[in-house]
Amino acid sequence: MVIIQNIGSYFLMLSKVFTRFSRWSVMKDLIIREVDSLIIRSVGIVSFISFFVGGVVAIQTALNLTNPLLPKNLIGFATRQSIILEFAPTFISVIMAGKVGSYITSSLGTMKVTEQIDALKVMGINTYNYLIFPKVIAMLFYPFIITISMFLGIFGGYMASIYGGFCTSSEFVEGIQLEFIPYHVSYAFVKTSFFAFILATVPSYHGYFLKGGALDVGKASTTSFVWTSVIIIITNYIITQLLLT
Amino acid sequence: MITIEKLCKSFEGVDVLADISTQFDQGKTNLIIGQSGSGKTVLLKCILGLFEKDSGKIYFGDQSLQNMDEKERSILRQEMGMVFQGSALFDSMTVEENIMFPMRMLTQKSFEEMRSRANEVIQRVNLINANKKLPSEISGGMQKRVAIARAIVMNPKYLFCDEPNSGLDPKTSTLIDNLIQEITKEFQITTVINTHDMNSVMEIGEKVVFLENGRKGWEGSNKEVFYTENESVANFIYSSNLFKKVREVYQKKN
């Protein structure tokens with residue numbers, strides 16, 4: 001029952017985010033600030049994780065290719081497929097649910113606890129639009145992060161394969177070109193867009209409707225991470241069923 | 001003027017406000033007093049529309065809050081200023097930006113006009129050399145002044161203060177009380193203050209509404225407080241020996 005109530009509240013919140021817009025001069029500054037907080041400041045950790053996970057994928061693939069009849073270019077092929085189809089869009093989004101999600105929940109939750117949201121309401125401002133809309137717009141740049149992740153993941157795989165002595169440069173490059181289906185990239189970016197919206201709105205819901213004090217801000221951040229991850233995983237399954245089968 | 005008629009509010013079946021009727025006059029400092037948990041903050045938030053009441057009516061002048069949709073309430077709220085208990089200043093903005101914020105959001109003024117108006121109210125509340133500081137860099141008393149400045153920058157018709165003296169030393173408390181009263185007189189605002197500070201009652205309580213377990217226990221002025229025979233009010237206000245003595249001396253004199 002509580003879950004149904006929460007789902008209802010979430011969609012009611014969304015309907016209010018896209019009404020009674022704050023003025024552009026204010027909104028512009030907020031969007032720029034959110035792009036910096038949510039996107040630019042995530043590039044470092046995403047790059048780091050992508051590079052090394054790409055390397056690990058390549059090494060594990062290489063170590064499992066025990067049959068001498070299997071060509072070495074499969075290392076590049078498997079790395080590309082893993083990174084583009086799953087790792088970059090989904091795994092990075094789950095990581096971002098921890099980083100960006102808890103930032104959004106804790107910042108809105110703190111505003112709620114310290115009555116800053118009430119202060120905005122008393123001024124006659126549509127708090128949903130003022131606080132959540134800039135985050136949704138900032139997350140439109142999220143595919144930019146996923147592009148970096150895809151590139152660095154494959155590059156990490158390349159470096160690990162070459163310097164680990166698992167295959168030659170030409171074999172790896174031949175592998176990443178093998179049976180390349182551009183639609184897979186489109187599929188990855190379609191689900192990235194859905195995840196971006198989830199990453200902006202689900203943690204906002206948990207922060208905005210927080211009840212209690214400072215301790216509850218921490219609890220809400222954890223709950224927000226769990227639910228954002230669960231929703232991303234379920235959405236991933238549904239989109240994959242719809243677009244790839 | 002704000003009129004409240006038979007206001008009721010409950011949370012999960014527990015009555016927090018029951019049958020409250022009263023009137024807050026324009027140009028006066030109206031105080032809501034009562035013990036912690038008596039429903040003061042809930043009453044204030046119901047008046048502001050932050051909590052939906054269960055029943056009853058609230059009028060701002062001749063405008064009825066219950067007949068308004070969200071957009072009309074937003075317009076009415078632009079005539080309200082609120083000083084929150086914890087000041088509720090925006091952490092990421094400087095003092096000047098906090099005060100300019102309502103103008104940025106709700107008016108068409110140029111940046112220079114907004115800054116000029118912000119500096120007017122900054123001077124009015126005696127904030128010195130704090131324009132570029134963040135809320136975390138100033139004292140609690142100064143934060144309250146910033147909150148008052150932000151609340152009055154749009155020339156509101158209604159000013160609400162939720163425990164404006166909490167966490168302040170007695171001298172600063174008196175300064176804040178006097179400042180609110182001066183502003184109320186100067187701009188003929190309807191001011192409603194939520195407090196359990198007895199100095200405030202004595203100093204600026206032109207009208208005092210006493211809440212007891214969510215019901216209106218008594219109402220009158222700070223002068224009438226000295227002669228009230230209502231036991232609950234007397235027990236609440238004259239709970240300390242100092243105030244008992246003050247009452248005795250006042251009654252002997254008059």
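Predicted model: local features only at pLDDT ≥ 70, side-chain atom pairs only at ≥ 80, totals over all residues.
How many helices and strands does the secondary structure of chain A come to? I counted 10 helices and 0 strands in chain A, taking helices (H or I, at least four residues) and strands (E, at least two) as DSSP runs numbered from the N terminus. From the N terminus on, the run reads α-α-α-α-α-α-α-α-α-α.

Residues are numbered from 1 along each chain as its sequence is written, and chains are lettered from A and ligands numbered from 1 in the order in which they are written.

**Chain A overall**

I boxed the C-alpha atoms of chain A along the principal axes and got roughly 70 × 40 × 35 Å. Of its 245 residues, 43% count as buried (20 or more other C-beta atoms within 10 Å of the residue's own, with C-beta atoms placed from the backbone). Next I looked at contacts (C-beta atoms, placed from the backbone, within 7 Å). Among those in chain A between residues at least 6 apart in sequence, 88% join residues at least 24 apart.

**Helix α3 of chain A**

I checked α3(A), residues 43–64, for length: its 22 residues reach 31 Å from first C-alpha to last, close to the 32 Å expected (1.5 Å times one less than the number of residues). Its buried residues include A:Val46, A:Gly54, A:Gly55 and A:Ala62. What covers them includes α4 and α7 (142–163) of chain A.

**Where A touches B**

The contact takes 13 residues from chain A and 16 residues from chain B. On the chain A side, helix α5 (residues 116–122) gives the most, with 5 residues. Sorted by class, that side has 5 nonpolar, 4 polar and 4 charged residues; here Ala, Val, Leu, Ile, Met, Phe, Trp, Tyr, Cys and Pro are nonpolar, Asp, Glu, Lys and Arg charged, and the others, Gly among them, polar.

**Sheets in chain B**

I found an open, mixed sheet of 6 strands in the order β6-β7-β8-β3-β9-β10 (chain B), where strands pair if DSSP finds at least two bridges between them. β6 (80–83) and β10 (215–220) of chain B are at the edges with a single partner strand each, so one side of each has no neighbour in the sheet. The twist averages 20° from one strand to the next. Strand β9 (residues 207–212) of chain B runs antiparallel to β10(B), joined by 5 bridges, and B:Val209 has B:Glu219 as its bridge partner there.

A second open sheet has 4 strands, β2-β1-β4-β5 (chain B), with antiparallel pairing. Its edge strands are β2 (14–24) and β5 (63–64) of chain B. Helix α1 (residues 40–48) of chain B lies across β1, β2 and β4 (55–60) of chain B, at about 65° to β2(B) (axes are lines fitted to C-alpha atoms, for helices over the stretch in contact, with angles from 0 to 180 degrees between N-to-C directions).

**The core**

Which residues touch the most other members of the largest nonpolar core? Of its 123 residues, I noted A:Leu199, B:Leu43, B:Met82, B:Ile99, B:Ala149 and B:Phe160. A nonpolar core is a set of buried Ala, Val, Leu, Ile, Met, Phe, Trp, Tyr and Cys residues joined through C-beta atoms within 7 Å. Helix α4 (residues 74–113) of chain A supplies the largest share, 13 residues. I followed up B:Met82: leaving aside neighbours within four places in sequence, B:Met82 contacts A:Ala119, A:Val122, B:Leu48, B:Ala151 and B:Phe160.

Methods: Buried ≥ 20, exposed ≤ 12 C-beta atoms within 10 Å, placed from the backbone. Contact = placed C-beta atoms within 7 Å.
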